[in-house]
Amino acid sequence: MKITSEEILHVADLARLELDAAAARSLVPQITEILEYVDLMQQVDTSDVPPTTHAISLKNAFRDDVCRTHLENAAALENAPEKDAGCFVVPRIIG
Amino acid sequence: MRQLHGLTISEAARLLAAGEISSQQLTRAVLERIDAIDGRIGAYITVAADTALAQAATADAALAAGRGTALTGIPLAVKDLICTRDLPTTCASKILQDFVPPYDAAVVEKLRQAGAVLVGKANMDEFAMGSSTENSAFQITRNPWNRNHVPGGSSGGSAAAVSADLCLGALGSDTGGSIRQPAAHCSVVGLKPTYGRVSRFGLVAFASSLDQIGPLAKDSRDCALLLNAISGYDKRDSTSVPRDVPDFVAGLKNDLKGLTVGIPAEYFDTRGIDAEVLAAVRRAIGTMETLGARCLEVSLPHAPYAVAAYYVIAPSEASSNLARYDGVKYGFRDHRQTDLMEMYRRTRTAGFGPEVQRRIILGTYALSAGYYDAYYRKASQVRTLIMRDFEKAFANCDVIASPVAPTPAFEIGAKVDDPLRMYLSDVFTLSANLAGIPALSVPCGFSSAGLPIGLQLSGPHFSEARLLNVAWQFEQATDFHLKKPPL
């Protein structure tokens, strides 16, 4: 297998997903199959080929630095799962 | 006259301008059609009857005052990952189930300015990840041509809604074929514009170097009308290209004499391509020849590597883009948490469906320490070679013709447990996203089982006008686009 269930659990942790051991095991064959397929790319000689991250050649997109209105505090908080005094509320971070 | 919901945008606009029908009549007809049919199709996540009728009344006033545009009073559907400030925008995900955006996407602003009526938000694969609309957290969408089959995806709700006359036209998004493949499966016209042609401000991001918004419509002229309305530079989207937009409707006038159609050997050589799809596409190419086009074999030697490159790049970008769903600023939060990390984990695990989690894990792995060069960098280099293939091919031809999907729409459930097989159904469409070029699907036939088949036409960057003209000429010589599903 190209990937172990321990590696999947590690990657899931990096991605802030909570998998149990059974879920990780069931992903092993699927992710392995995809990674093996993706290895097809290794057949391609890419020495001296620059990577493309943007299909259209655009120079840096600058805009004028002008003041404008931003989202009002109340609108920004409208969808917050928990809010208080104009702030987003999160669980305690520092013990 | 046909029933109002069966009209094209062009036909309805003519009747609206002449005062023969009102937008309120038209909108009511579409809403009644949704009431009657959508229980069996499942195209909409949200139907906005009240706001649609209010918009229709406003449109009627604008039309009466002579202030109508080509889209004034026209009932349209919008894929549910395009932000609408008065309607939920769920991305078909539990994590955004109750999310009502504080602003409109740029394309929605433009539709509103044009006086269009937004009848609802269309179903999709969760966060646009899928090729069948089965990955929606809320409902499946059935193919109007055969309800045991998928409509394609990820813009399956938009395609099914247009096909079943549940709207007159729709917007979708296309990251690897998500407009073109469902358009082909539902027998409507769907166009993925050039990367940068349409502003993505307010489009929920999936894979930022690939995503593009585009129209789905009953024919190419309607597609051109919608593209006219949504195209153009927007400083709020840093990938938007400052470039003049032609009138795509005015461009529907040239015959095909002198047009060179490239036929990529690699696309017609693919194992696993359905014989009826191949035959229909070959017949469509024959029709273009009859209309004066010349065919030329071209080569896209790196096409066989496109799926591999895509399924590294798209999940990698998705894993980064979807990091924002953390249960803090908007969307679902799991409230059982004891600390912040546990809140993140529980929220994301309960909020995202299986395919989204699979892609986040795949993308996180591909970007993680030690694997970046082997996966993301390699895929980005292969991407360069795929782009160069198209550049070379378009030096000798004006458009490239190919199938859209290797088979007609498959049965519901056929591929849900086999992600790789599902990914391979994108083999013909995702190169256009990697290269940033425009491509469309136009109906070109039906299988013996009565399932639609689409012809894909792709062209160089910013050649949408040419693609639409070729599709329009093809429609003048054929009647596939006029056929209606048996509902």
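This is a predicted model: local features need pLDDT of at least 70, side-chain atom pairs count only at pLDDT 80 or more; totals for chains, interfaces and linings use all residues.
Local features need pLDDT of at least 70 and side-chain atom pairs count only at pLDDT 80 or more, while totals for chains, interfaces and linings use all residues; side-chain values use heavy atoms, without hydrogens or water. Residues are numbered from 1 along each chain as its sequence is written, with chains lettered from A and ligands numbered from 1 in the order in which they are written.

Chain A has 3 helices and 2 strands. Chain B has 15 helices and 11 strands. Helices (H or I, at least four residues) and strands (E, at least two) are DSSP runs, numbered from the N terminus.

**Chain A overall**

- The order of elements along chain A is α-α-α-β-β.
- Chain A has a radius of gyration of 23 Å, well over the 12 Å from the globule rule for 95 residues, so it is more spread out than a compact globule. The radius is taken over C-alpha atoms, and the globule rule is 2.2 Å times the number of residues to the power 0.38.
- The C-alpha trace of chain A spans about 55 × 45 × 25 Å along its principal axes.
- Of the 95 residues in chain A, 28% are buried. Buried means under 20% relative accessible area, exposed over 50%, and partly exposed in between (1.4 Å probe, protein chains only).
- Take the contacts in chain A between residues at least 6 apart in sequence: 34% join residues at least 24 apart. Contact means heavy atoms within 4.5 Å.

**Chain B overall**

- Chain B has a radius of gyration of 21 Å, close to the 23 Å from the globule rule for 487 residues, so it is as compact as a globular protein of that length.
- Its C-alpha trace spans about 65 × 55 × 45 Å along the principal axes.
- Buried residues account for 67% of the 487 in chain B.
- For contacts in chain B between residues at least 6 apart in sequence, 75% join residues at least 24 apart.

**Helix packing between the chains**

- Helix 2 of chain A (residues 21–38) packs on helix 11 of chain B (residues 354–367) at about 55°, with axes 11 Å apart. Axes are lines fitted to C-alpha atoms, for helices over the stretch in contact, and angles run from 0 to 180 degrees between N-to-C directions.
- That angle makes helix 2 of chain A oblique to helix 11 of chain B. Angles under 35 degrees count as roughly parallel, over 145 as roughly antiparallel, 65 to 115 as roughly perpendicular and the rest as oblique.
- Chain A contributes Leu27(A), Gln30(A), Ile31(A), Ile34(A) and Leu35(A) to this contact; chain B contributes Arg358(B), Ile361(B), Leu362(B) and Tyr365(B).
- Ala, Val, Leu, Ile, Met, Phe, Trp, Tyr, Cys and Pro count as nonpolar, Asp, Glu, Lys and Arg as charged, and the others, Gly among them, as polar.

**Helix packing within chain B**

- Helix 7 (residues 220–230) and helix 15 of chain B pack at about 155°, with axes 9 Å apart.
- Helix 7 of chain B is therefore roughly antiparallel to helix 15 of chain B.
- From helix 7, Ser220(B), Arg221(B), Cys223(B), Ala224(B) and Leu227(B) meet Glu464(B), Leu468(B), Ala471(B), Trp472(B) and Glu475(B) of helix 15.
- This contact of helix 7 with helix 15 divides into 6 nonpolar, 1 polar and 3 charged residues.

**Backbone exceptions in chain B**

- Most residues other than glycine have a negative phi, and most peptide bonds are trans.
- Cys91(B) has a positive phi near 55°. Cys91(B) sits in the loop between strand 2 (75–79) and helix 4 (106–113), and is buried at 0% relative accessible area.
- Phe462(B) has a positive phi of about 65°. Phe462(B) lies between strand 11 (452–458) and helix 15 (464–477), and counts as buried at 15% relative accessibility.
- The peptide bond joining Gly153(B) and Ser154(B) is cis, with omega about 10°. Ser154(B) is in the loop between strand 3 and helix 5 of chain B.

**Buried loop residues in chain B**

- Glu134(B) lies in the loop between strand 3 (117–122) and helix 5 (156–163), and counts as buried at 13% relative accessibility.
- Beyond four places away in sequence, Glu134(B) touches residues including Asp125(B), Phe410(B) and Met422(B).
- Thr429(B) is in the loop between helix 13 (419–424) and helix 14 (430–435), and counts as buried at 1% relative accessibility.
- Beyond four places away in sequence, Thr429(B) touches Gly176(B), Gly177(B), Arg180(B), Val404(B) and Gln456(B).
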